[in-house]
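Dear colleague,

Please find the structure below, handed over for your records. My notes on its cavities, its pocket and its ligand follow.

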Amino acid sequence: MTAQSVETAVETTPSLWTAAHDVDARRPRSLQRQLGASDTVCERRAAYIVAGTAPSDETDKRAAILGTYIHEGLLGAARTEYGWLVERAVADDTIKGHIDAVQLDEATAARVPARHRPKIAAAGVVTVEDVKTKSTFLWDKVRRYGPTAAELRQVYLYADLLRTVGFEDVRGQRYLAKLGPLEVARIRFRFVNRDNGEEHIQEFDFDPMEATRARWWVQRVRELNSPEEGRRDFDGPGLDAICDHCPFMTACWGLPNPPGTPVQTVLIHDDADRIQTLADYVRGHELETEGKRIKNLARKKIDTSPAGVYGANELGWGGGNSKWDVDVEAMVDLHEDAKIPVPMVPDEKRMVENLKAAGLAVPEKRSAQNTPKAISVRPYKA
Ligand code: SF4
(Lines give C-alpha, C1' and ligand atoms only; values in the text may rest on other atoms or scores of the structure.)
Protein backbone atom coordinates (compact mmCIF):
# COMPACT_ATOMS: atom_id res chain seq x y z
CA MET A 1 0.00 0.00 0.00
CA THR A 2 1.43 3.41 -0.94
CA ALA A 3 1.65 6.31 1.50
CA GLN A 4 -1.06 8.10 -0.48
CA SER A 5 -3.50 5.18 -0.34
CA VAL A 6 -2.88 4.82 3.43
CA GLU A 7 -3.72 8.52 3.80
CA THR A 8 -6.91 8.13 1.72
CA ALA A 9 -7.97 5.11 3.82
CA VAL A 10 -7.43 7.10 7.03
CA GLU A 11 -9.46 10.02 5.64
CA THR A 12 -12.40 7.78 4.70
CA THR A 13 -12.48 5.90 8.05
CA PRO A 14 -15.59 7.20 9.84
CA SER A 15 -15.06 9.01 13.13
CA LEU A 16 -16.21 7.10 16.21
CA TRP A 17 -17.82 10.33 17.35
CA THR A 18 -20.44 10.07 14.60
CA ALA A 19 -21.58 6.77 16.12
CA ALA A 20 -21.28 8.11 19.68
CA HIS A 21 -23.44 11.17 18.88
CA ASP A 22 -26.07 8.98 17.16
CA VAL A 23 -26.24 6.63 20.17
CA ASP A 24 -26.42 9.61 22.53
CA ALA A 25 -29.29 11.15 20.53
CA ARG A 26 -31.32 7.94 21.08
CA ARG A 27 -30.82 7.90 24.85
CA PRO A 28 -34.06 8.30 26.80
CA ARG A 29 -32.51 11.38 28.43
CA SER A 30 -31.96 13.04 25.02
CA LEU A 31 -35.50 12.23 23.88
CA GLN A 32 -37.11 13.35 27.13
CA ARG A 33 -39.16 16.52 26.77
CA GLN A 34 -40.24 16.97 30.40
CA LEU A 35 -37.95 19.21 32.44
CA GLY A 36 -35.21 17.13 34.03
CA ALA A 37 -33.46 18.16 37.24
CA SER A 38 -30.21 18.31 35.25
CA ASP A 39 -31.81 20.92 32.93
CA THR A 40 -32.06 23.49 35.69
CA VAL A 41 -28.75 25.16 34.81
CA CYS A 42 -30.10 28.35 33.23
CA GLU A 43 -33.60 29.77 33.67
CA ARG A 44 -34.07 30.61 30.01
CA ARG A 45 -32.75 27.24 28.82
CA ALA A 46 -35.13 25.47 31.20
CA ALA A 47 -37.95 27.66 29.84
CA TYR A 48 -37.19 26.58 26.25
CA ILE A 49 -37.44 22.94 27.34
CA VAL A 50 -40.71 23.48 29.23
CA ALA A 51 -42.13 25.28 26.15
CA GLY A 52 -41.10 22.36 23.90
CA THR A 53 -38.94 24.66 21.72
CA ALA A 54 -36.91 22.80 19.07
CA PRO A 55 -33.15 23.22 19.60
CA SER A 56 -31.71 25.97 17.38
CA ASP A 57 -28.08 24.78 17.48
CA GLU A 58 -26.11 21.59 16.97
CA THR A 59 -23.65 21.37 19.83
CA ASP A 60 -20.41 19.46 20.26
CA LYS A 61 -21.25 16.88 22.91
CA ARG A 62 -17.93 15.00 23.00
CA ALA A 63 -16.91 16.08 26.50
CA ALA A 64 -20.41 15.37 27.84
CA ILE A 65 -20.49 11.94 26.16
CA LEU A 66 -17.10 11.04 27.69
CA GLY A 67 -18.48 12.14 31.06
CA THR A 68 -21.51 9.86 30.55
CA TYR A 69 -19.26 6.86 29.75
CA ILE A 70 -17.15 7.37 32.88
CA HIS A 71 -20.28 7.92 34.92
CA GLU A 72 -21.92 4.72 33.65
CA GLY A 73 -18.74 2.71 34.21
CA LEU A 74 -18.24 3.86 37.79
CA LEU A 75 -21.90 3.56 38.80
CA GLY A 76 -22.15 0.16 37.09
CA ALA A 77 -19.16 -1.04 39.15
CA ALA A 78 -20.72 0.31 42.36
CA ARG A 79 -23.94 -1.60 41.56
CA THR A 80 -22.15 -4.87 40.81
CA GLU A 81 -19.61 -4.77 43.62
CA TYR A 82 -21.44 -2.94 46.43
CA GLY A 83 -25.07 -3.53 45.45
CA TRP A 84 -25.64 0.24 45.45
CA LEU A 85 -28.95 1.62 44.22
CA VAL A 86 -27.78 3.56 41.17
CA GLU A 87 -29.48 5.54 38.41
CA ARG A 88 -32.91 5.29 40.05
CA ALA A 89 -35.81 7.28 38.62
CA VAL A 90 -37.69 9.92 40.60
CA ALA A 91 -40.48 12.12 39.29
CA ASP A 92 -43.57 14.14 40.02
CA ASP A 93 -45.83 16.27 37.78
CA THR A 94 -43.27 19.04 37.39
CA ILE A 95 -39.85 17.46 37.19
CA LYS A 96 -38.09 14.15 36.77
CA GLY A 97 -34.60 12.73 36.89
CA HIS A 98 -32.33 9.85 37.80
CA ILE A 99 -30.47 9.88 41.08
CA ASP A 100 -26.90 8.66 40.66
CA ALA A 101 -26.87 6.72 43.95
CA VAL A 102 -29.05 6.41 47.02
CA GLN A 103 -27.67 4.97 50.26
CA LEU A 104 -30.41 3.67 52.52
CA ASP A 105 -30.36 3.70 56.30
CA GLU A 106 -30.54 0.38 58.11
CA ALA A 107 -34.28 0.42 58.82
CA THR A 108 -35.19 1.26 55.21
CA ALA A 109 -32.69 -1.23 53.78
CA ALA A 110 -34.39 -3.94 55.88
CA ARG A 111 -37.67 -3.22 54.01
CA VAL A 112 -36.05 -3.93 50.63
CA PRO A 113 -36.28 -7.57 49.35
CA ALA A 114 -33.12 -9.38 50.50
CA ARG A 115 -31.77 -9.92 46.98
CA HIS A 116 -31.84 -6.17 46.29
CA ARG A 117 -30.20 -5.08 49.54
CA PRO A 118 -26.83 -3.32 49.32
CA LYS A 119 -23.91 -5.73 49.88
CA ILE A 120 -22.06 -3.23 52.01
CA ALA A 121 -23.30 -1.92 55.32
CA ALA A 122 -26.15 0.59 55.04
CA ALA A 123 -25.43 4.27 55.62
CA GLY A 124 -26.44 5.74 59.00
CA VAL A 125 -29.01 7.94 57.24
CA VAL A 126 -30.64 8.07 53.80
CA THR A 127 -28.08 9.77 51.56
CA VAL A 128 -28.51 11.07 48.02
CA GLU A 129 -25.28 11.00 46.05
CA ASP A 130 -24.45 12.82 42.84
CA VAL A 131 -21.37 11.87 40.81
CA LYS A 132 -19.85 14.63 38.69
CA THR A 133 -16.95 14.23 36.28
CA LYS A 134 -14.74 17.29 35.83
CA SER A 135 -11.69 18.16 33.78
CA THR A 136 -8.34 19.06 35.35
CA PHE A 137 -8.98 22.58 34.13
CA LEU A 138 -11.85 22.90 36.65
CA TRP A 139 -10.38 20.70 39.38
CA ASP A 140 -8.93 23.45 41.59
CA LYS A 141 -12.25 25.29 41.47
CA VAL A 142 -14.12 22.10 42.45
CA ARG A 143 -11.83 21.46 45.42
CA ARG A 144 -11.99 25.06 46.56
CA TYR A 145 -15.67 25.88 46.05
CA GLY A 146 -17.43 22.49 45.72
CA PRO A 147 -20.66 22.23 43.71
CA THR A 148 -22.00 25.16 41.69
CA ALA A 149 -25.39 26.71 42.45
CA ALA A 150 -26.89 24.74 39.53
CA GLU A 151 -25.39 21.44 40.77
CA LEU A 152 -26.78 22.08 44.24
CA ARG A 153 -30.19 22.86 42.78
CA GLN A 154 -30.15 19.63 40.78
CA VAL A 155 -29.28 17.40 43.73
CA TYR A 156 -31.80 19.13 46.01
CA LEU A 157 -34.51 18.51 43.41
CA TYR A 158 -33.63 14.80 43.37
CA ALA A 159 -33.54 14.64 47.14
CA ASP A 160 -36.83 16.50 47.47
CA LEU A 161 -38.54 14.18 44.97
CA LEU A 162 -37.34 11.23 47.03
CA ARG A 163 -38.55 12.92 50.21
CA THR A 164 -41.98 13.87 48.90
CA VAL A 165 -42.82 11.07 46.42
CA GLY A 166 -40.21 8.35 46.83
CA PHE A 167 -38.85 6.33 43.93
CA GLU A 168 -40.87 6.48 40.72
CA ASP A 169 -43.24 3.54 40.23
CA VAL A 170 -41.74 2.20 36.99
CA ARG A 171 -40.54 -1.19 35.76
CA GLY A 172 -37.35 -2.41 37.41
CA GLN A 173 -37.78 -0.46 40.63
CA ARG A 174 -41.34 -1.17 41.81
CA TYR A 175 -39.93 -2.71 45.00
CA LEU A 176 -38.31 0.67 45.71
CA ALA A 177 -41.47 2.66 44.92
CA LYS A 178 -43.22 0.58 47.61
CA LEU A 179 -40.96 2.17 50.23
CA GLY A 180 -42.85 5.46 49.75
CA PRO A 181 -41.29 8.85 50.59
CA LEU A 182 -37.90 8.58 52.30
CA GLU A 183 -36.43 10.80 54.99
CA VAL A 184 -33.36 12.07 53.12
CA ALA A 185 -30.85 13.37 55.64
CA ARG A 186 -27.53 13.72 53.77
CA ILE A 187 -26.32 14.98 50.42
CA ARG A 188 -23.04 13.78 48.96
CA PHE A 189 -21.15 15.05 45.93
CA ARG A 190 -18.52 12.78 44.49
CA PHE A 191 -16.34 14.63 41.98
CA VAL A 192 -14.15 12.54 39.67
CA ASN A 193 -11.33 14.09 37.65
CA ARG A 194 -11.89 12.72 34.17
CA ASP A 195 -8.20 13.16 33.25
CA ASN A 196 -6.49 11.38 36.15
CA GLY A 197 -9.30 9.70 38.13
CA GLU A 198 -8.75 11.70 41.33
CA GLU A 199 -11.81 11.64 43.61
CA HIS A 200 -13.06 14.48 45.81
CA ILE A 201 -16.05 14.00 48.12
CA GLN A 202 -18.12 16.69 49.76
CA GLU A 203 -20.95 15.83 52.12
CA PHE A 204 -23.44 17.86 54.14
CA ASP A 205 -26.82 17.60 55.87
CA PHE A 206 -29.99 17.96 53.80
CA ASP A 207 -31.29 21.54 54.16
CA PRO A 208 -35.08 21.85 53.62
CA MET A 209 -34.70 25.57 52.79
CA GLU A 210 -32.37 24.74 49.89
CA ALA A 211 -34.91 22.19 48.63
CA THR A 212 -37.69 24.81 48.79
CA ARG A 213 -35.49 27.28 46.91
CA ALA A 214 -34.85 24.69 44.17
CA ARG A 215 -38.59 24.00 43.89
CA TRP A 216 -39.33 27.75 43.62
CA TRP A 217 -36.78 27.98 40.82
CA VAL A 218 -38.65 25.32 38.83
CA GLN A 219 -42.01 26.85 39.68
CA ARG A 220 -40.91 30.24 38.35
CA VAL A 221 -39.79 28.67 35.07
CA ARG A 222 -43.16 26.97 34.69
CA GLU A 223 -45.01 30.22 35.29
CA LEU A 224 -43.22 32.15 32.52
CA ASN A 225 -45.46 33.13 29.60
CA SER A 226 -42.67 32.58 27.10
CA PRO A 227 -39.02 31.43 27.23
CA GLU A 228 -37.92 34.98 26.32
CA GLU A 229 -39.22 36.11 29.72
CA GLY A 230 -36.69 33.75 31.31
CA ARG A 231 -33.51 35.20 32.75
CA ARG A 232 -30.29 34.54 30.86
CA ASP A 233 -28.16 33.13 33.68
CA PHE A 234 -24.93 33.26 31.67
CA ASP A 235 -23.12 35.94 29.67
CA GLY A 236 -23.51 34.38 26.23
CA PRO A 237 -21.36 32.73 23.56
CA GLY A 238 -17.68 33.57 23.61
CA LEU A 239 -17.91 34.48 27.30
CA ASP A 240 -19.37 31.36 28.88
CA ALA A 241 -18.82 27.74 27.86
CA ILE A 242 -22.36 26.83 29.00
CA CYS A 243 -23.74 29.16 26.31
CA ASP A 244 -21.16 27.96 23.73
CA HIS A 245 -22.62 24.45 24.15
CA CYS A 246 -26.26 25.42 24.59
CA PRO A 247 -28.70 23.89 22.08
CA PHE A 248 -30.80 27.08 22.26
CA MET A 249 -27.98 29.58 21.72
CA THR A 250 -29.35 31.19 18.55
CA ALA A 251 -32.92 31.16 19.84
CA CYS A 252 -31.67 32.92 22.95
CA TRP A 253 -29.25 35.50 21.51
CA GLY A 254 -30.17 35.73 17.81
CA LEU A 255 -27.58 36.10 15.05
CA PRO A 256 -24.87 38.79 15.20
CA ASN A 257 -26.31 42.05 13.90
CA PRO A 258 -24.46 43.31 11.91
CA PRO A 259 -22.48 40.13 11.11
CA GLY A 260 -19.13 39.94 12.89
CA THR A 261 -20.29 41.81 16.00
CA PRO A 262 -20.92 40.19 19.41
CA VAL A 263 -24.45 38.88 19.98
CA GLN A 264 -24.41 40.53 23.41
CA THR A 265 -25.17 43.87 21.64
CA VAL A 266 -28.79 42.69 21.78
CA LEU A 267 -28.73 43.64 25.49
CA ILE A 268 -28.47 47.37 24.67
CA HIS A 269 -31.82 49.01 23.94
CA ASP A 270 -31.38 52.66 24.84
CA ASP A 271 -29.08 55.24 26.41
CA ALA A 272 -30.03 54.10 29.91
CA ASP A 273 -28.52 50.70 29.04
CA ARG A 274 -25.43 52.43 27.65
CA ILE A 275 -25.00 54.47 30.86
CA GLN A 276 -25.22 51.31 32.98
CA THR A 277 -22.93 49.32 30.68
CA LEU A 278 -20.21 51.99 30.70
CA ALA A 279 -20.47 52.16 34.51
CA ASP A 280 -20.02 48.34 34.55
CA TYR A 281 -17.03 48.68 32.23
CA VAL A 282 -15.35 51.22 34.51
CA ARG A 283 -16.12 49.14 37.62
CA GLY A 284 -14.72 46.00 35.92
CA HIS A 285 -11.58 47.93 34.98
CA GLU A 286 -11.10 49.13 38.55
CA LEU A 287 -11.61 45.62 39.99
CA GLU A 288 -9.15 44.24 37.44
CA THR A 289 -6.50 46.85 38.30
CA GLU A 290 -6.91 46.33 42.03
CA GLY A 291 -6.95 42.52 41.62
CA LYS A 292 -3.75 42.66 39.60
CA ARG A 293 -2.08 44.89 42.19
CA ILE A 294 -2.97 42.51 45.06
CA LYS A 295 -1.84 39.46 43.08
CA ASN A 296 1.45 41.01 41.94
CA LEU A 297 2.40 42.10 45.47
CA ALA A 298 1.49 38.66 46.90
CA ARG A 299 3.58 36.94 44.20
CA LYS A 300 6.66 39.01 45.03
CA LYS A 301 6.23 38.54 48.80
CA ILE A 302 5.99 34.75 48.60
CA ASP A 303 8.91 34.29 46.16
CA THR A 304 11.38 32.72 48.63
CA SER A 305 8.86 30.74 50.73
CA PRO A 306 9.21 26.94 50.65
CA ALA A 307 6.51 24.74 49.10
CA GLY A 308 3.95 23.48 51.62
CA VAL A 309 0.44 23.81 52.99
CA TYR A 310 -0.44 27.22 54.43
CA GLY A 311 -4.00 27.37 55.76
CA ALA A 312 -6.49 26.73 52.95
CA ASN A 313 -3.84 26.78 50.21
CA GLU A 314 -1.02 24.59 49.09
CA LEU A 315 2.05 26.35 47.67
CA GLY A 316 4.07 24.60 44.97
CA TRP A 317 6.87 25.74 42.71
CA GLY A 318 7.55 24.73 39.12
CA GLY A 319 9.79 25.91 36.29
CA GLY A 320 13.38 27.06 36.81
CA ASN A 321 14.61 24.52 34.23
CA SER A 322 17.04 25.20 31.37
CA LYS A 323 15.44 26.70 28.28
CA TRP A 324 16.44 25.49 24.86
CA ASP A 325 16.62 27.87 21.88
CA VAL A 326 17.16 26.87 18.27
CA ASP A 327 20.87 27.31 17.40
CA VAL A 328 20.68 29.27 14.12
CA GLU A 329 24.44 29.22 13.50
CA ALA A 330 24.61 25.46 13.90
CA MET A 331 21.63 25.12 11.53
CA VAL A 332 23.42 27.20 8.87
CA ASP A 333 26.52 24.94 9.22
CA LEU A 334 24.35 21.83 8.92
CA HIS A 335 22.60 23.24 5.81
CA GLU A 336 25.96 23.96 4.20
CA ASP A 337 27.37 20.53 5.07
CA ALA A 338 24.24 18.83 3.68
CA LYS A 339 24.24 21.12 0.62
CA ILE A 340 20.71 22.40 1.47
CA PRO A 341 20.20 26.05 0.41
CA VAL A 342 19.93 28.36 3.45
CA PRO A 343 16.54 30.19 3.24
CA MET A 344 17.05 33.92 2.58
CA VAL A 345 13.74 35.37 3.86
CA PRO A 346 13.92 39.18 4.24
CA ASP A 347 14.18 40.14 7.93
CA GLU A 348 11.49 42.84 8.25
CA LYS A 349 12.48 44.00 11.72
CA ARG A 350 16.13 44.32 10.76
CA MET A 351 15.28 46.19 7.52
CA VAL A 352 13.11 48.70 9.38
CA GLU A 353 15.95 49.27 11.85
CA ASN A 354 18.45 49.71 8.98
CA LEU A 355 16.28 52.31 7.21
CA LYS A 356 15.64 54.24 10.42
CA ALA A 357 19.36 54.21 11.27
CA ALA A 358 20.11 55.52 7.75
CA GLY A 359 17.53 58.32 8.22
CA LEU A 360 15.29 56.96 5.44
CA ALA A 361 11.45 56.79 5.64
CA VAL A 362 10.05 53.29 6.08
CA PRO A 363 7.70 52.71 3.08
CA GLU A 364 4.17 51.52 3.95
CA LYS A 365 1.23 50.19 1.93
CA ARG A 366 -2.39 49.75 2.94
CA SER A 367 -3.02 46.28 4.40
CA ALA A 368 -6.08 44.14 3.70
CA GLN A 369 -6.91 44.18 7.43
CA ASN A 370 -8.28 46.93 9.65
CA THR A 371 -7.01 47.70 13.12
CA PRO A 372 -9.10 46.09 15.88
CA LYS A 373 -11.96 48.24 17.15
CA ALA A 374 -10.70 49.99 20.29
CA ILE A 375 -12.82 51.37 23.09
CA SER A 376 -12.09 54.58 24.96
CA VAL A 377 -14.04 55.41 28.13
CA ARG A 378 -13.14 58.66 29.93
CA PRO A 379 -14.85 60.63 32.68
CA TYR A 380 -17.18 63.22 31.16
CA LYS A 381 -17.66 66.69 32.60
CA ALA A 382 -20.52 68.75 31.13
S1 SF4 B 1 -27.44 30.49 25.46
FE2 SF4 B 1 -26.77 30.71 27.60
S3 SF4 B 1 -28.16 32.24 28.49
FE4 SF4 B 1 -29.12 31.47 26.59
S5 SF4 B 1 -30.46 29.78 27.20
FE6 SF4 B 1 -28.49 28.90 26.65
S7 SF4 B 1 -27.35 28.78 28.60
FE8 SF4 B 1 -29.04 30.21 28.92
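A cavity here is a set of points, on a 1 Å grid over the protein atoms alone, where a 1.4 Å probe fits but cannot get out, and lining residues have an atom within 4 Å of a point. Helices are DSSP runs (H or I, at least four residues), numbered from the N terminus. The model is predicted: local features need pLDDT of at least 70, side-chain atom pairs count only at pLDDT 80 or more, and totals for chains, interfaces and linings use all residues. Residues are numbered from 1 along each chain as its sequence is written, and side-chain values use heavy atoms, with hydrogens and water left out.

The largest cavity is lined by 14 residues, and Cys42, Cys243, Cys246, Cys252 and Trp253 lie nearest its centre. At least two lining residues come from each of helix H4 (43–50), H11 and H12.

The ligand sits in this largest cavity, meaning that more than half of its atoms lie within 2 Å of the grid points. Around the ligand (a heavy atom within 4 Å) are residues including Arg45, Arg232, Phe234 and Met249. Helix H11 (241–244) and helix H12 (249–253) each supply at least two residues of this shell, and H12 gives the most, with three.

As for the second largest pocket, helix H13 (residues 271–301) provides the largest share of its lining, eight residues. A pocket is an open set of points with protein on both sides within 12 Å along at least five of seven lines.

With kind regards
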